[in-house]
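Biologist: Hi! I'm new to this one, could you walk me through it?
Modeller: Happy to, let's take a look together.

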Protein chains: 2
Amino acid sequence: MDRKIHLDEKDIPRQWYNIAADLPTPMLPTLGPDGNPVKPEMLAPVFPMNIIEQEVSTQRWIDIPEEVLDILYRWRPAPLRRAVYLERYLKTPARIYYKDESTSPPGSHKPNTAVPQAWYNKQFGIKRLTTETGAGQWGAALAFACKLIGLECKIFMVRISFDQKPFRKLMMQVWDGNCVASPSSETNAGRAILEKYPDTPGSLGMAISEAIEQAVTDPKGQTRYSLGSVLNHVMLHQTIIGLEAKAQLKKIGERLPDVVIGCAGGGSNFAGIAFPFTADKINGANIEIIPAEPAACPTLTRAPFAYDHGDTACMTPLFPMYSLGHDFVPPPIHAGGLRYHGMSPLVCQCVVEGLHKPRAIDQVECYQAALTWAQTEGFICAPETSHAIAATIQEANKAKEEGKEKVILFSYSGHGLMDLSGYDAFMSGKLQPYQLPDVMLEKTEACLKTHPKAPQRKTGKW
Amino acid sequence: MDRKIHLDEKDIPRQWYNIAADLPTPMLPTLGPDGNPVKPEMLAPVFPMNIIEQEVSTQRWIDIPEEVLDILYRWRPAPLRRAVYLERYLKTPARIYYKDESTSPPGSHKPNTAVPQAWYNKQFGIKRLTTETGAGQWGAALAFACKLIGLECKIFMVRISFDQKPFRKLMMQVWDGNCVASPSSETNAGRAILEKYPDTPGSLGMAISEAIEQAVTDPKGQTRYSLGSVLNHVMLHQTIIGLEAKAQLKKIGERLPDVVIGCAGGGSNFAGIAFPFTADKINGANIEIIPAEPAACPTLTRAPFAYDHGDTACMTPLFPMYSLGHDFVPPPIHAGGLRYHGMSPLVCQCVVEGLHKPRAIDQVECYQAALTWAQTEGFICAPETSHAIAATIQEANKAKEEGKEKVILFSYSGHGLMDLSGYDAFMSGKLQPYQLPDVMLEKTEACLKTHPKAPQRKTGKW
């Protein structure tokens, strides 16, 4: 059997899968600043109406526009690959498949949603998108999408990353993205922060504030804001990952996987691989579906389920989700894309329903898994992706102990070629195992308890 | 028609093509320090005998070992891709195909030869390989190959690159490569240089001297040296590029290309795509085959054809090739992989015979082509690869002027994700057009004329 399983263009999925149609319990509403459910038109200054319609849709299948497919064909259908070299190394009876999302031009799964978001905005008459980026994966993906679609793109990049990761910024510039360090002097929010803290390293919360401000204050109304994870429409767009993988497994006569794994920060890459198989699980299939998150930022495994803001500055509505608290400051781990206090409400709902079984993994185990991967399969994965690989190795070893020929599928969310400093820290012995101390979770509880707009609360495992 | 054309593993080429069997005129011999042809056994301290046999072979087809294929399957067969987005942008009637060598774990075509070289050394009982690297592409490929095959790998990296490109060094370390800055204190050559010039930035010539010294002075005789370009066996291993491309064009019912293009530094990536089609040209097919080189280092287009050393320190034998002189110091252009004074003797012979028509392209035109590529096809190419893209754009525009439906094929030798500083220089307007001044070529002529071991001499276009 070939190690790479390709789909022809004619077999690419032509509809996204919307799990909101199939959840056993309907989603809790998103709440506005007044504590009442948000109405679609309230989001209109931030997002175009065609995206808002997707955000609130409960239609099971949503067509992927032909023009969007024409752009995705640059790297999609993406290869499904069999990790035979890792299998041999582990001496596992499991068959390990991975969906290779590192083949997109920006090197991750992010453009799967950046492209349709840019396209829908363009259709709606928007000329310019704003966004924030931390390490730069999302900013690069949106700059790429905007360039191909013909929109201007403004990216507020957390200042410390802007200074420390010049290559990601250059990548955005190659695609004509206008990337500035945040806080900047271009917005009221940025100027206010700079006046108070001229030497601040910046934060994702500050950058979101700046990006939203520039979107909603455009006097011509031709600017909107774009988010790379968490929201329902983002999860929707990413389901192309799992839908392709399902078609590829079918093509080679493989059965449904026994285990599906993805790393989870805001949830989009995980949802992408997981939701199409979650549908099978809802229909009775026996599949273990595992979001793998950092032990240093254990949103799904240790945080309470509550209503909370998506951003530090409390500019977003309140989402029903597991949250470490919107003022949670994650420790500086190298998997920057997983340092998020909350999680996609759709993924959270699946966890509440018992459809997904989250797992937290320590950074040292993750980097060990990444090195094992690089020295067997050969490729250098993103620090985020290493969480999925570590969980996969755990499951492959379990299959070996149980003597079971399991089928394991995971999402290889991106390559690590521009994030090698974490490997350096690990290889030179500078990384220590790190579990989030309980005292941090007490702060979370306090943050959420004092939140006036958090009527529902359900404690998770914690 | 699909934009990506894949081959199944069962259709991968199982033999390399050796152009030495088909050249209209036999190759001139390589000469030793005494001016007489080098005998295979004289190379034995440097290379294992099974590689030396390939180096001097005139057998047309040479089997690729199954164990080598098992490693190459990690990324091979590599996709052939149709550049439809560039075609649309240029409004050309040409059909542009490119062989995507950027999909290997180290990101370039280099592992196509690193893997078999490591394998043959291992078969011969060697425990350790040494090599030199400039920007780090070759060092990373050899570290990767040695890790998978089970050899130690020692890489002498030019000090200035070692300091300026920490990510490439980290990449080598991920694959357990032992990478040191050259000149180092580990060799007599290195120590002698450091004593005289403690602050030297290093050079490829110095690094070669160190790598060869460590290979030939191993008291156990278990170390050999490995070279990533120029030599015949390297060109042989790279022919898998063109052989796959030929099978892929056939698979979709496409005719033989009218134009075949590759960037040329030492010649290996170009030979890889070109030699299998050069065979067709020798047999009468009408194909224009273009090595594209930097105007700043115009070996094939402006240098004399002569006998010269492959290295600055004159440790190698004398090769019959176009050469800018072994003491030529190329200007500091960003396409580090193309900064070489000489060229593969096999490629040079093809140029002498009129089979290949070299073209020199200015760095500004190359970066403009790279940006056009990134903003149409979406991918960010290596600075070296941009030379092939620039030549492709020239040919596509020519096809448009002529109104001809030409088929153009080029080798996309690698991605540029770890070489973005050149893009930065270009985008910020710091790059100027640069043609090598004639005075530099007068120095070349002087260098080669005073060379006592240069009996044959034929002036090229210059």
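Modeller: Keep in mind that this is a predicted model.

Biologist: Which residue is the bridge partner of Arg128(B) in strand 9 of chain B?
Modeller: That's Thr223(B).

Biologist: Thanks! How many strands form the open sheet in chain B, and in what order?
Modeller: There are 4, arranged 8-7-6-9, and their pairing is parallel.

Biologist: Which strands stand at the edges?
Modeller: Strand 8 (178–182) and strand 9 (223–225) of chain B do. Each has a single partner strand, so one side of each has no neighbour in the sheet.

Biologist: And what does the twist average from one strand to the next?
Modeller: It averages 25 degrees.

Biologist: What about helices, which strands does helix 9 of chain B lie across?
Modeller: Helix 9 of chain B, residues 204–216, lies across strand 6, strand 7, strand 8 and strand 9 of chain B, and runs at about 170 degrees to strand 6 of chain B. Helix 7 of chain B (residues 166–174) lies across strand 6, strand 7 (152–158) and strand 8 of chain B, at about 175 degrees to strand 7 of chain B.

Biologist: Changing topic: what rotation superposes chain B on chain A?
Modeller: One of 180 degrees, with 0.0 Å of shift along its axis and an RMSD of 0.0 Å. That is how a two-fold axis relates copies. Both copies use the same surface, and 100% of the contact residues of chain B recur in chain A.

How values were computed
Residues numbered from 1 in each chain as written. Chains lettered and ligands numbered in written order. Predicted model: local features only at pLDDT ≥ 70, side-chain atom pairs only at ≥ 80, totals over all residues. Heavy atoms only, no water. Least-squares fit on C-alpha atoms with pLDDT ≥ 70 in both. Contact = heavy atoms within 4.5 Å. Pairing = 2+ DSSP bridges. Helix = DSSP H or I, 4+ residues; strand = E, 2+ residues; numbered from the N terminus. Axes fitted to C-alpha atoms, helices over the stretch in contact; angles between N-to-C directions.
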